[in-house]
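Subject: Structure handover, aromatic contacts

Hi,

Here is the structure for your files. My notes on its aromatic rings follow below.

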Amino acid sequence: MANWADLGPRVASAAVMSVVGAVAIWLGGWWFTVLVGLAVWGMTWEIFRMCKIHDGKNQIMLALVNGLIVTLAYTVPQYAPVLVLAVIAVWAFAYFTSRFDGEKMGYPFVPAIFCVGYGLITMRMELGISFILWLLLVVIASDVMGYFAGRTFGGPKFWPSISPKKTWSGTVAGWVGAALVGLGFVILNGSPAVLILLSVLTAFAGQMGDIAESALKRRTGVKDSSNLIPGHGGVLDRFDAVSGAVLFLLVVSLILPVTV
């Protein structure tokens, strides 16, 4: 029973987040943008906190700046790429010149989180509800099937030196869940069959996002990014897979058109 001790609060928190997220996605516009901005704020603050980049109010205010700037992607979309490049440049400069105190490993995560927020906002604006729904269902299916398969079947670890709880059974089950989501869109939405493969690759990118956060937590010696979400830890703990998936799709969109 110990393996399932966190299931109750995990499900309850997921239900609340699902309702809030669904309403924001449906309404779009400022509702969705503000929700994304808050998520970016929370994840950035958790990075600062884990990596001891500044302290106290400075962490909160710097994180707030990251959240506020990403909302400009909705206000002035024509300048959004410039904002993305500016944020990346600032933190690249900070990394190579050590302008900020704290664990340098956390520096690349800050512009990455900003890009995730930018990606979500622009995807909702340009590709619509169906695309965001597909993205979230892929990540959720991968996470849920991976969680239950890993807890049920166990077996060899996927990357034990970084994430000792993740197993190959859970990883592969996550791919199967993502493929089923893609198949559902092919059948019900008339999407191209290649979406099945894209769903699996997106799920894998999400799993790599999870692994990246696990590596950061291991490096900084923390169990959860924070305790803001019962059963899930912090905002970054909940959205690490979404972040990996969004970053992957942003890269793919530079090469090929991505639609559902």
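Which residues do ring pairs link into a cluster? They are F48, W91, Y95, F96 and Y107.

Some ground rules. This is a predicted model, where local features need pLDDT of at least 70, side-chain atom pairs count only at pLDDT 80 or more, and totals for chains, interfaces and linings use all residues. Residues are numbered from 1 along each chain as its sequence is written, and side-chain values use heavy atoms, with hydrogens and water left out.

Rings of Phe, Tyr and Trp (its six-membered ring) pair if their centres lie within 6.5 Å; planes under 30 degrees apart are stacked, over 60 edge-to-face, the rest tilted. That rule gives nine aromatic pairs.

One of them is Y95 with Y107. The ring centres are 6.3 Å apart and the planes sit at 75 degrees, so this pair is edge-to-face. It links distant parts of the chain, twelve residues apart: Y95 is in helix α4 (residues 80-97), Y107 in the loop between α4 and α5 (109-153). Helices here are DSSP runs (H or I, at least four residues), numbered from the N terminus.

Y107 is buried at 0% relative accessible area; Y95 is partly exposed at 33%. The cut-offs: buried is under 20%, exposed over 50%, partly exposed in between (1.4 Å probe, protein chains only).

Y147 and F148 also pair edge-to-face, with centres 5.3 Å apart and planes at 90 degrees. Y147 is buried at 11%, while F148 is partly exposed at 37%.

Finally, a charge. K104 lies over the face of Y95, 4.5 Å from the ring centre. The test: NZ of Lys or CZ of Arg within 6 Å of the ring centre and within 35 degrees of the ring normal.

Best wishes

Methods:
Helix = DSSP H or I, 4+ residues; strand = E, 2+ residues; numbered from the N terminus.
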